[in-house]
Amino acid sequence: MGEVDVAFVQAPEHRSKPDSIIEAGGIPLIDLSPLNNCYHEDSANDSARHTAALVAKIGNACKEWGFFQVFNHGVSADLQQRVEAAVKKFFDLSSEEKRKVKRDEVNPMGYYDTEHTKNVRDWKEVFDFTVKNPTLLPASHHPEDQELQELRNQWPDFPPELREVCEEYASALENLSFELLELIALSLGLPGKRLNGYFNDDHTSFIRFNHYPPCPEPHLALGVGRHKDAGTLTVLAQDDVGGLDVKRKIDGEWVRVKPIPGSYIVNVGDIIQVWSNDKYESAEHRVTVNSQRERFSIPFFFNPSHHVMVKPLEELVDYQNPAKYKEYNWGKFFKTRKISNFKKLDAENIQIYHFKRSLV
Ligand SMILES: O=C(O)CCC(=O)C(=O)O
Ligand SMILES: [Fe+2]
């Protein structure tokens with residue numbers, strides 16, 4: 001099977017055709033400057049108008065793509081560059097050094113190079129850390145087990161600045177994610193802060209550093225297999241190499257998201273799909289690798305508190321539009337997914353459609 005181990009080989013129908021991927025035209029590119037007071041001289045009226053236009057754009061992007069890119073987002077270029085530099089230094093360490101902060105079945109935070117998506121191994125290595133340290137999660141995925149676990153971050157000795165840069169970055173991305181959450185709430189016709197209460201001091205958001213080394217067989221393996229993100233929102237920074245493919249809703253084609261320096265790619269996760277009762281659907285995506293250049297990306301996974309019960313929002317359901325999902329506990333869902341990513345299982349991993357109601 002060539003130079004890649006069989007564990008990485010995708011079923012033929014899920015492989016990428018790296019040479020014939022279409023670059024996505026039309027993924028909305030949204031200017032967030034109305035949030036960051038870039039219109040100092042504006043009257044209150046103008047500012048309300050700019051915010052309303054922004055909310056409408058976000059709503060359309062969520063409905064039509066489940067994906068959009070943002071610029072003028074308020075995260076400084078200096079901070080972005082410091083994080084990128086620290087990430088490269090970390091992955092440049094020897095395997096032995098990286099394994100000193102290796103994650104395991106008990107502590108899922110840290111370094112890891114054998115992640116599986118839908119039971120096929122990904123061509124990547126990752127480093128994960130939570131935004132809140134410690135972060136509370138259920139200790140087991142069994143529904144009857146009420147015990148909680150504290151996740152703690154593991155920091156390597158090198159590069160020495162990593163921890164500080166990561167904490168500064170986590171806080172900047174947390175602010176941006178709350179702003180995006182408020183815009184999404186407004187776009188659903190809800191009060192701006194309607195969803196904030198699901199993310200109190202104990203939200204379970206985490207940041208991942210992804211490193212995709214060059215792959216000798218990019219038509220067989222994927223950097224990340226096709227999937228939807230399980231949480232609320234993902235806010236992703238990618239370098240200039242490209243490789244993130246989104247399944248376009250209108251025709252089901254895989255299209256490549258064009259790297260735009262300094263911007264973020266935002267995608268709707270499964271929780272927004274459930275909250276919005278399918279008005280906004282999470283988009284399927286994957287990462288294609290290439291044989292020439294390594295690639296780095298940094299997703300921020302914005303997730304609610306472990307005790308949140310996820311279900312269609314009451315304001316968005318009624319007799320004509322009944323709730324399409326039964327409620328589920330986020331902590332248990334997250335824990336179940338984490339276990340299935342950790343090792344190859346025979347069963348399919350947990351998905352929101354397992355909670356779909358059968359409506360007649
Ligand atoms: O690297 C990327 O562009 C996307 C990674 C991703 O989808 C994920 O980690 O969930
Ligand atoms: Fe993803």
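Predicted model: local features only at pLDDT ≥ 70, side-chain atom pairs only at ≥ 80, totals over all residues.

Reader: What makes Ile250 count as exposed?

Author: Its relative accessibility is 76%, and the label exposed applies over 50%. Therefore Ile250 counts as exposed.

Reader: Now the helices. Why are H1 and H4 called roughly perpendicular?

Author: Helix H1 (residues 44-64) and helix H4 (residues 162-187) pack at an angle of about 85°, and their axes are 8 Å apart. Angles of 65 to 115 degrees count as roughly perpendicular, so H1 and H4 get that name. On the H1 side, the contact is made by Leu54, Val55, Ile58, Gly59 and Cys62; on the H4 side, by Leu183, Ile184, Leu186 and Ser187. By class that's seven nonpolar, two polar and no charged residues.

Reader: How do you know that His227, Asp229 and His285 coordinate the iron ion (ligand 2)?

Author: Their donor atoms, NE2 of His227, OD of Asp229 and NE2 of His285, lie at 2.1 to 2.2 Å from the iron ion (ligand 2). The cut-off for a donor here is within 2.8 Å of the metal, so these atoms qualify. In sequence, the donor residues are spaced H-x1-D-x55-H. His227 in strand E11 (residues 224-227) and His285 in strand E16 (residues 285-287) are 58 residues apart.

Reader: And are those two histidines, His227 and His285, buried or exposed?

Author: Buried means under 20%. His227 comes in at 15% relative accessibility and His285 at 6%, so each counts as buried.

Reader: What makes Asp78 and Arg82 a salt bridge?

Author: The closest N and O atoms are 3.1 Å apart, and the limit is within 4 Å, so the pair passes. Asp78 and Arg82 are four residues apart in helix H2 (residues 77-91), which means about one helical turn separates them. Asp78 is partly exposed at 45%, and Arg82 is partly exposed at 32%.

Reader: How do you know that Glu115 and Arg103 are buried?

Author: Glu115 has a relative accessible area of 4% and Arg103 has 2%.

Conventions
Residues numbered from 1 in each chain as written. Chains lettered and ligands numbered in written order. Heavy atoms only, no water. Buried < 20%, exposed > 50% of the residue type's maximum accessible area, 1.4 Å probe, protein only. Axes fitted to C-alpha atoms, helices over the stretch in contact; angles between N-to-C directions. Helix = DSSP H or I, 4+ residues; strand = E, 2+ residues; numbered from the N terminus. Parallel < 35°, antiparallel > 145°, perpendicular 65-115°, else oblique. Contact = heavy atoms within 4.5 Å. Nonpolar A, V, L, I, M, F, W, Y, C, P; charged D, E, K, R; others polar. Donors = N, O, S within 2.8 Å, 3.2 Å for Na, K, Ca; no water. Salt bridge = Lys/Arg side-chain N within 4 Å of Asp/Glu carboxyl O.
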